Structures are given as C-alpha cells and as structure tokens.
Amino acid sequence: MGLDIKIPIGLMFTIFGLILTILGLVTKGDTAMYEQSLGYNINLLSGLIMLVFGCFMLFTSRLFKKKKEKK
Amino acid sequence: MQTTFSLGTIDWAIILIYFIFVLGIGWALKRYMKDSKAFLEAGRSLPAWVTGLAFISANLGAIEMIGMAASGAKYGMMTVHFYFIGAIPAMIFLAIFMMPFYYGSKARSVPEYLKMRFDEKTRGFNAFAFAIMTVFSSGISMYALALLAQVIMPLQIDWNIMGIHIGEFDFYLMVSAVIVLVYMVLGGLTSAIYNEVLQFFLIVIGFAPLVFIGLKEIGGWEGIKANLPENMMHSWKFTGSAGANPLGVEWFGVVMGLGFVLSFGYWTTNFLVVQRAMAAGSMSAARKTPLIGALPKMFLPALVVIPGMIALALSNMGELDIPLKAGTTIQDFDKVIPVLLMRYMPMGVLGVGITALMASFMSGMAGNVSAFNTVFTFDIYQAYIRPDKSDKHYLKVGRWTTVVGVLASIMTAYVAKSFNNVMDFLQLIFAFVNAPLFAAFLLGMFWKRTTGHAAFWGLIGGTISAALHHGFTLPSGGSVGIKGGFFGLLHTYPSEMAQNFWTAIYAFSTALILTLLITLLTKKLKTDDELKGLVYSLTPKTKDDSKYWYQKPEFLAIVVGAIAIVLSIIFW
C-alpha cells in the first residue's frame with residue numbers, strides 16, 4: 001500500500017510525546033497531582049518514551065529514506 | 001466509590017488527536033483503493049511486521065482486554081495458558097504448515113479455500129455462519145464501547161431529535177459507528193490493519209505506566225505472591241486435578257481442549273485473523289505473520305493479566321474496592337482496568353490510557369467489519385447473488401457492504417442492550433459451529449482423499465455433538481439454561497472453562513471421526529491435479545526467498561517456540 005504506516009504512527013506518538021513531556025515539565029513538583037501515581041512524574045516519563053518511539057518510527061519511515069536517496 | 005473519570009482538557013485533546021489520525025489514515029489510503037483486491041485484500045502488499053502486529057491486534061479487542069484482566073483476577077497465572085499453549089503452537093502450525101495453502105492457493109478468504117478444496121456447500125455453510133458471527137461480534141464491541149464510554153466519560157447528553165430521544169449511550173454508539181464507517185469505506189482492509197497496528201502500540205505504551213505503578217505499590221512480584229493464594233501464582237503446578245486450581249481444569253483438558261482444539265480452531269481457521277496474514281506482500285511475509293505476532297503475544301500477559309492480579313491482591317489487602325456486580329455481592333472484575341486507570345493515572349497519561357481502550361473497541365468493530373466485507377462480497381454476493389460482474393462492480397459492492405455491516409452492527413448493539421441473554425445464546429451457538437472446523441482443515445490439508453461430502457457432514461455432525469454435549473452437562477453451581485443441561489444432566493464439570501474445553505474436544509472428535517468415515521464411503525470428486533496447491537502431499541515444498549537463514553520462517557518458529565517453553569518453565 002502506498003502509505004507507509006510508520007509515518008502516521010511516528011507523527012501521532014511524537015505529538016503525544018510532546019504534549020505529555022511539556023505537561024510533565026509544567027507540572028513538575030506538583031505533589032498533589034502526582035500523589036495518585038505514587039510520586040512519579042508519570043507524564044514526563046511516558047512522554048519521553050513516546051517521543052523517542054515516535055521519532056524512531058519517523059526516522060525509519062519512507063519519509064526519511066526518500067530524502068536520503070535524493071542527497 | 002466514584003466510577004466516573006474526571007477528564008481534563010489535555011485528556012480530551014489526546015482522544016481527539018487520535019480520532020483525527022484514524023480518519024486521516026483512511027483519507028490518505030482512499031486514492032489507492034482502485035480495485036476490489038486493494039479494498040478487500042489490502043492489495044496483498046503489506047510487510048510482515050504490519051500484518052504480524054495486526055494478526056494479534058485483531059484478537060486484542062477491548063472485550064478480550066477487559067475479559068483477560070478479569071480472568072487474571074479470577075484465575076491468576078492460569079490465564080497465561082490463553083497466551084502460551086492456547087496460542088503459540090497453533091500460530092507456529094499455521095505459519096509453517098498451513099499458510100502455504102492459504103496464501104499459495106490464491107484463495108481470497110477462508111470460505112473460498114473450502115470451496116476450492118471441498119465443495120460449494122462447505123463454503124456456503126462456513127461463509128454464512130462467519131458473516132453472521134462477525135456482525136454480532138462487531139455489534140457486541142460497539143455495545144461495550146458505548147457502555148464503557150457513558151460510564152467513564154459522562155457528557156450529560158439528553159437530546160431530542162425528531163421525537164427520538166438520544167442519550168449518552170446512543171451518542172457514543174453513533175460516534176464510534178460513524179468513525180469506523182468512514183475509515184473503513186475510505187481505506188478498506190488496509191485501513192483496518194493500519195489502525196490495528198496503531199492500536200497495538202497505543203495499548204503497549206498506554207498500559208505500561210499502569211502496570212509499572214501498580215507493581216510499585218504492591219511491592220513487585222513478591223508483593224502479589226504474598227497476597228494471593230499459591231494456586232493462582234502458577235500455570236501448570238496445580239493442574240494435576242481439576243479441583244486444585246482456580247480454572248477448574250486438569251492438564252489434559254488444558255492441553256487438548258484449549259491448546260489443541262480451541263486454539264487451533266481459532267488461530268488457524270478464523271478468517272478474522274487469517275485474513276491479516278493473507279494481506280501480506282509475499283509468501284514469506286505471509287508465513288512470518290503469525291510468528292511475528294506470536295513474539296509480542298507471549299508478553300501481553302504482563303499488560304493484561306498482571307493488572308487483574310494486582311487489583312485482586314490490593315483488594316485482598318483492603319487497599320482497593322472493586323465495584324460489585326449490580327444487585328449482587330460478587331466483585332465485577334470486568335471493571336478492573338477502568339478502576340486501576342482511575343486510581344493511578346493523572347491527567348495526561350489518563351487520556352492515553354482511555355484512548356488505548358477506545359482504540360481497541362473500535363478496532364474490534366473494524367476487524368470484524370473488514371472480514372465480513374470480504375466474505376460477503378466474494379463468498380455470498382459473488383458466489384450466489386451476482387457472479388460474473390466487473391471488478392468495479394465488486395469494489396462498489398465491497399464499499400456498500402461496509403455500510404450494511406456497520407448498520408447491522410448498530411442493530412445488534414441494540415439487541416445486546418435490550419436482551420443480554422440473546423447475545424450469550426448466540427455466542428454459544430457460534431462456539432458450537434467453530435469447534436469442529438479445525439477437523440475439516442486438518443484432514444482436508446493433509447489427506448488428499450478427504451471428500452467434500454465428508455467435510456460438510458463432519459462439520460454439521462460436530463456442531464450437533466457440541467450442542468448435545470453442552471445440553472447434557474452443567475458447570476458446578478450452574479443452573480439449567482444457557483449454561484447447559486437443557487437436554488438432561490449426565491455430568492457436572494468443576495467449572496465453566498472445563499465444560500467449554502470438553503465441549504470443544506467432543507465436537508472436534510466427532511467431526512474428525514465422521515469426516516474419516518464418510519470419506520471412506522464416498523467417491524473422491526476432485527482430481528489430484530485440481531487439489532494441487534491445496535493439499536500437503538500434492539504441493540511442491542515452498543521455497544523461502546529470504547536472503548539470510550535468520551529471516552526464514554522456520555528459524556523464527558524455533559525462536560518463538562523456545563521463548564514459549566522458557567516462559568512456561570519460569571511461570572510453572
């Protein structure tokens with residue numbers, strides 16, 4: 001199929017990752033909010049993982065390969 | 001206890017972004033849908049990792065997720081049997097032995113393979129049973145989604161449109177139906193498969209934090225162990241007798257009933273999952289599909305079974321209230337996942353967790369609709385209603401079938417809402433029809449003599465024997481009715497699982513013996529030449545075109561098998 005599924009997956013998780021990372025940074029030190037997750041800043045942790053995964057998907061997708069070939 | 005979530009703006013934003021991507025994938029695929037092969041078979045062009053993840057994801061609908069978490073709380077580690085012995089051997093068998101016939105025969109569906117191998121009536125029986133079953137499964141997914149959504153995301157909807165009252169349940173039902181309809185009409189099977197891959201990653205990434213924090217609170221594996229009875233902590237150790245383990249089944253029932261008949265019947269003949277492998281781009285990719293799916297499959301218990309066990313352990317410690325089933329004092333373990341999401345997830349990750357649940361409900365619908373489309377268009381419409389039309393015509397029919405499939409699912413969702421027992425009853429009948437299927441495939445693929453009459457009557461006989469077995473037995477404590485015993489009571493099983501496993505064993509054995517006997521009594525109607533590519537002994541051995549030895553399906557099968565054995569020993 002013409003569409004490389006890695007592109008939407010990569011984009012979506014990069015966006016989710018950015019949202020959660022920023023949220024995690026903004027709410028850093030908010031002990032009341034993270035009381036329920038036992039003190040872990042779970043937004044920051046998950047956000048960073050999603051960001052890494054999303055970028056990995058994008059960089060291994062056709063989007064990136066085409067650019068490489070052009071060069 | 002509070003049973004609604006307070007979703008923040010960011011949670012809603014995440015859910016919305018997910019919907020945009022789902023529809024966007026459909027929209028981006030639209031221009032590739034030029035013929036019926038592209039629409040209904042994904043053009044047979046997808047890479048193995050995509051079809052492999054879709055292969056297990058199609059089975060990982062939300063009903064499965066919620067049910068398996070509930071099983072984790074009921075049966076503990078015994079639940080992993082559904083992931084190890086109840087899946088892996090069948091997946092390896094499908095990849096190594098059966099895929100060459102499915103993919104190589106160019107059959108477009110499982111019923112079509114039956115038509116090529118046996119005859120028209122065997123195909124017809126399977127096609128109609130399967131079409132009805134998928135519509136109902138899709139409807140049940142829709143019903144469950146709307147039910148969960150109105151509980152966890154209350155919107156206070158109370159509209160009156162042209163005299164029809166629209167509440168939250170109806171609103172969520174319509175929204176999910178419209179989204180699935182749009183992306184399926186646009187992108188067909190490819191849309192369904194791509195969204196299943198997306199759903200797979202969402203579930204892993206969305207549920208991992210839940211398990212992480214849950215394990216931290218309970219004190220890891222040791223903490224679970226300290227708060228659950230010992231027979232919930234092992235998978236095989238207590239299977240010496242049925243009464244000693246929470247599943248209520250002894251090792252023979254687990255191996256034969258679940259590991260052989262039910263598992264092989266589901267994973268190797270159910271078109272919903274087999275269709276994913278058939279959409280692969282090459283024979284090698286098709287054969288690798290179940291094996292690539294098997295790798296994450298073995299680790300899914302960490303995400304679905306462990307949360308159930310954590311919830312029960314916390315409840316035993318007095319740290320967590322699991323809500324009761326309405327009007328009873330029995331804990332409703334189906335609520336385990338929502339309850340834990342609520343307990344641990346602050347705004348942000350909560351949105352991702354809810355999105356993962358919604359995604360699995362929607363792909364539960366879409367998966368069934370995509371399989372329904374293909375079977376209806378090729379095996380019912382083209383076979384019995386309008387044969388010999390142009391491909392453009394069948395593409396159009398495929399699109400309209402999507403609309404019909406979704407509308408029929410909405411109807412069944414309302415049937416499920418008003419008559420819960422009707423749905424239980426239908427699912428029971430489907431179980432009867434499915435149990436003997438593997439016998440027909442096993443004999444058909446490996447014994448060239450097997451005839452069409454034999455396969456057909458074997459299936460009918462197996463279905464009847466499943467119904468008879470169910471009708472004459474009851475699980476302990478069950479009352480006569482849907483649970484069985486409606487023909488009289490000859491035997492009582494220690495548990496419902498034991499009864500299910502044995503129903504399957506009886507149905508399979510009857511079908512196997514009947515097919516054998518009738519084959520010997522009937523004339524072989526298909527020549528060896530016609531059966532080439534459909535039967536093991538008449539098909540040249542498939543040469544794999546993988547470049548390196550470690551890319552070959554056989555090597556992958558050994559790795560998958562070895563991991564499954566090691567995991568079984570660790571969690572003995």
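Predicted model: local features only at pLDDT ≥ 70, side-chain atom pairs only at ≥ 80, totals over all residues.
Which residues touch the most other members of the largest nonpolar core?

1. Please read every value here as computed from it.

2. **The core.** The largest nonpolar core has 210 residues. Six residues of chain B touch the most other members: B:Ile88, B:Met91, B:Leu145, B:Val180, B:Ile193 and B:Val197. Helix H8 of chain B, residues 168-218, gives the largest share of this core. That share is 24 residues.

3. **A look at B:Ile88.** Start with this residue when you inspect the core. Leave aside residues up to four places away in sequence. B:Ile88 then touches B:Ala294, B:Met298, B:Val560 and B:Ala564.

4. **Make-up of chain A.** Chain A has three helices and zero strands. From the N terminus on, its elements run α-α-α.

5. **Shape of chain A.** The C-alpha trace of chain A spans about 50 × 25 × 15 Å along its principal axes. Its radius of gyration is 16 Å. A compact globule of 71 residues would have a value near 11 Å.

6. **Burial and contacts in chain A.** Of the 71 residues of chain A, 37% count as buried. Now take the contacts in chain A between residues at least 6 apart in sequence. Of these, 69% join residues at least 24 apart.

Definitions and conventions: Residues numbered from 1 in each chain as written. Chains lettered and ligands numbered in written order. Core = buried A, V, L, I, M, F, W, Y, C linked by C-beta atoms within 7 Å. Buried ≥ 20, exposed ≤ 12 C-beta atoms within 10 Å, placed from the backbone. Helix = DSSP H or I, 4+ residues; strand = E, 2+ residues; numbered from the N terminus. Contact = placed C-beta atoms within 7 Å. Rg over C-alpha atoms; globule rule 2.2 N^0.38 Å.
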